[in-house]
Amino acid sequence: MFFSDNPLPLPMDEVSLNTEPVIDDDADDLEIEGDCAMTEYVSQAGIIQGENPLPPAVGMEFDSYDDVYYFYNCYAKEQGFGVRVSNTWYRKSKERYRGKLSCSSAGFKKKSEANRPRPETRTGCPAMIKFRLMDTKRWRIIEVELEHNHLISPVSGRFYKSHKTLAGGTKRALQLDGPEEHQKIRLFRTVLIDAEASESIDVDQEDSGRSFDYSNQLKLKEGDAQAIQNFFGHLQLIDPNFFYVVDLNEKGCLRNLFWAHARTRVAYSYFGDVVTIDTSCLTDKFEVPLVSFIGINHHGQSVLLGCGLLAGETIESYTWLFRAWLTCMSGRPPQAIITDQCGTLQTTVADVFPRASQCFSLSRIMQKVPEELGGLFGFDDFKAAFSRAVYFSIRPEEFEGAWDDMMRRHGIRDQKWLQSLYENRKRWVPAYLKEIFLAGMFPIPPGEIISSFFGEYMDEHTPLKEFLDKYDQALQKHYQLEAIADLESKKSSFMLKTRCYFDLQLSKLYTNGILQKFERELEGMYSCFCTRQLSVDGPVITYIVNEQIEVDGNSRETREYEVLYNPPEMEVLCVCGVFNLRGYLCRHALSVLTQNGMEEIPAQYILSRWRKDIKRNYVIDNSCSGIDVNNPVHRYDHLYKYVVQVVEEGRKSQDQYKVSLQALDEILNKLRITKDHKV
């Protein structure tokens, strides 16, 4: 995995891995002698300090064989185990081209016929790394095993032979923990392999005997790797706070991707209460395996909160993506998550977001009804009964009764898809979701569908390169629509449809998009009648509101809605649950408030997420709120944003440049003093 929040593009190679035959020289237990001096680390990822060096990972690259050894030895010392050179492979020209470094407890000693043989100290430990010389003349780690089968302790790390390596020529002990040491290593060239190169990926298959699983990597066509590199490089240049994460498989091939703009990260702070994870491109087998995180803004418009590309619909890939997204959002999970009906998604969401309420997309379920049951005899009658049970059931028991009657009349109790739906009914039927705030992202009226964020710019046949080319166009269109809606909402020329005090009140506070939706409830008050008091329980009064509703498109029937009203607390609650589902009061609650002489909606039912008088600045706030100082990724992310501000100000003039350099130099001196005191 590679985290980046850096304005410089990450170098990405397009390579064909060397597959010439291996010559094993049986150099078991060969010890490296000579200078293993470290090299300068010039990666854009930031300097890797000697404290807590990164663990080895597939795809890391080094300038020399000795650099690989030194890096692994530094890591081993911190973890508390020794290192042995298990094998080195040579070409006929005696040039080294592959190596294997193992834990010093790897394998077992050969049996000795001595009278008093030394006791066995090895455990057959599997921990190791394999690395190979590439066509670029750099050494790349191609296989990693981090787990040990014995206890390790950082305290014992200094006692191993490999950590007392002598520097060649001087015979001086090479100190790994001196105060002057910085332990910088040149590494991290993320590997992207195009389709034409993928055919030759067989590193170590000669000696492992295992075939490579091509389903464990993104299916990139020729030129896709370069397109991804250009795409990320462009976004980093125009957005200093652009965030992305790369996931490589065990062969160094690109498996999963995640990225998010600075604007999307700030938008999450405003509209991150409810998030839809759109995986339709994966389930519908689009050429671009896109996963989108979508919220809804103050106009009721879709807003992008992050994107990913996944190799497959597996728990591992989803877990990686969701954790990357959560890290990007400073570890703050949403209150509710809407996904497709999928067991894999259900399991992963519950694991990564245990406190979030998970719902299934009702739109997707209604779209699947013809696909799953289109061949059913009397399908039109079934579809009408299904829609009526879902949309017009006020209470759970009503839905369950309607469902049972529908299954009995059509004789389809054994249909597996329907069985699965019913078992998970509490995740998608509106009658069960009234306690969950969903901000209008859960469509209730029959036929209402939330369109895909990128729907106008891609279909199942759109190539990856074309999608990346159109990506910015899609974003700019949504940004423009939001800007236009902001401007129109600030005007005072919006024509109110009613003369109700509630309409006048919210017209001064809410955006036009939300006000238009709210006016449907105000107009619906005219279909409500006979609001009567049913009972009184302390301060809480129960009302019954009758409403004539349209059913099946051509008939009307009267329904009763129970509304609870608490005058001292100014609280009102309707059994229909519209406030939580949509984010504003329903016609039944408004009827009760009107009957009680209320001319304004109570303050607790006016949500800040819909207000037009709140200035939303889509620039990342560099305050410490939300930062986990124990998380190195958060520390890097937070410090980097401050440094970018210094750079931007310092470049404006020679005087500012000199002041910036002097200030940075003073900071570095203070950090060195702090480090020396700590040592």
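The legends below describe close-up views of a predicted model.

**Figure 1. Overview of the chain.** The chain has 679 residues, and 49% of them are buried. Its secondary structure comprises 19 helices and 21 strands. Among contacts with a separation of 6 or more, 66% join residues 24 or more positions apart. The salt-bridge count is 29.

**Figure 2. The largest nonpolar core and Phe 382.** This core holds 75 residues. Phe 382, Phe 386, Leu 418, Trp 428 and Leu 438 touch the most other members. Helix H10 (residues 379–391) supplies the largest share, 7 residues. Beyond its neighbours up to four places away in sequence, Phe 382 touches Val 369, Leu 373, Leu 376, Met 406, Met 407, His 410, Ile 412 and Leu 418. In soluble globular proteins, nonpolar side chains tend to be buried together.

**Figure 3. Lys 434, a buried charge without a salt bridge.** Lys 434 sits in the loop between helix H12 (416–423) and helix H13 (464–490). Lys 434 is buried, yet no salt bridge is found for this residue. Glu 398 is the nearest side chain of opposite charge, at 7.4 Å. A salt bridge needs a nitrogen–oxygen pair within 4 Å. A polar atom of the Lys 434 side chain does lie 2.6 Å from the backbone oxygen of Val 575. Setting aside neighbours within four places in sequence, Lys 434 contacts Ile 394, Arg 395, Val 575, Cys 576, Gly 577 and Asn 580.

**Figure 4. A five-stranded open sheet.** The 5 strands run in the order S3-S7-S6-S5-S4, with antiparallel pairing. Strand S3 (61–62) and strand S4 (83–90) form the edges, each pairing on one side only. Strand S6 (residues 128–133) and strand S7 (residues 139–145) are joined by 6 bridges in the antiparallel sense. Leu 133 has Trp 139, in S7, as its bridge partner.

**Figure 5. Helix H17 and its surroundings.** Of the 9 residues in helix H17 (residues 587–595), 7 are buried. These are Arg 587, His 588, Ala 589, Leu 590, Ser 591, Val 592 and Leu 593. The buried residues pack against helix H14 (501–507) and helix H15 (512–524). They also pack against strand S18 (528–537), strand S19 (540–551), strand S20 (555–566) and strand S21 (571–574). Gly 597 follows H17, with a positive phi near 75°.

**Figure 6. Salt bridges within and between elements.** Asp 405 and Arg 409 form a salt bridge, 3.0 Å from N to O. The two residues are 4 residues apart in helix H11 (residues 396–410), so about one helical turn separates them. Asp 405 is partly exposed, at 28% relative accessibility. Lys 477 and Glu 456 also pair, with their closest N and O atoms 2.6 Å apart. Lys 477 belongs to helix H13 and Glu 456 to the loop between H12 and H13, so this pair ties together parts 21 residues apart in sequence. Lys 477 is partly exposed at 30% relative accessibility, whereas Glu 456 is exposed at 62%.

Figure 7. Arg 582 pairs with Glu 521, the closest N and O atoms being 3.2 Å apart. Arg 582 is in helix H16 (residues 578–582) and Glu 521 in helix H15, so the pair ties together parts 61 residues apart in sequence. Both residues, Arg 582 and Glu 521, are buried. Elsewhere, salt bridges with shared partners link Arg 388, Arg 395, Glu 398, Glu 557 and Arg 559 into one network.

Note on methods: Residues are numbered from 1 along each chain as its sequence is written. This is a predicted model: local features need pLDDT of at least 70, side-chain atom pairs count only at pLDDT 80 or more; totals for chains, interfaces and linings use all residues. Side-chain values use heavy atoms; hydrogens and water are left out. A nonpolar core is a set of buried Ala, Val, Leu, Ile, Met, Phe, Trp, Tyr and Cys residues joined through side-chain atoms within 4.5 Å. Buried means under 20% relative accessible area, exposed over 50%, partly exposed in between (1.4 Å probe, protein chains only). Contact means heavy atoms within 4.5 Å. Lys and Arg count as positive and Asp and Glu as negative; His and the chain ends are not counted. A polar contact is a pair of N or O atoms within 3.5 Å; within protein, one must be able to donate a hydrogen and the other to accept it, and residues adjacent in sequence count only if both atoms are side-chain atoms. Two strands pair if DSSP finds at least two bridges between them.
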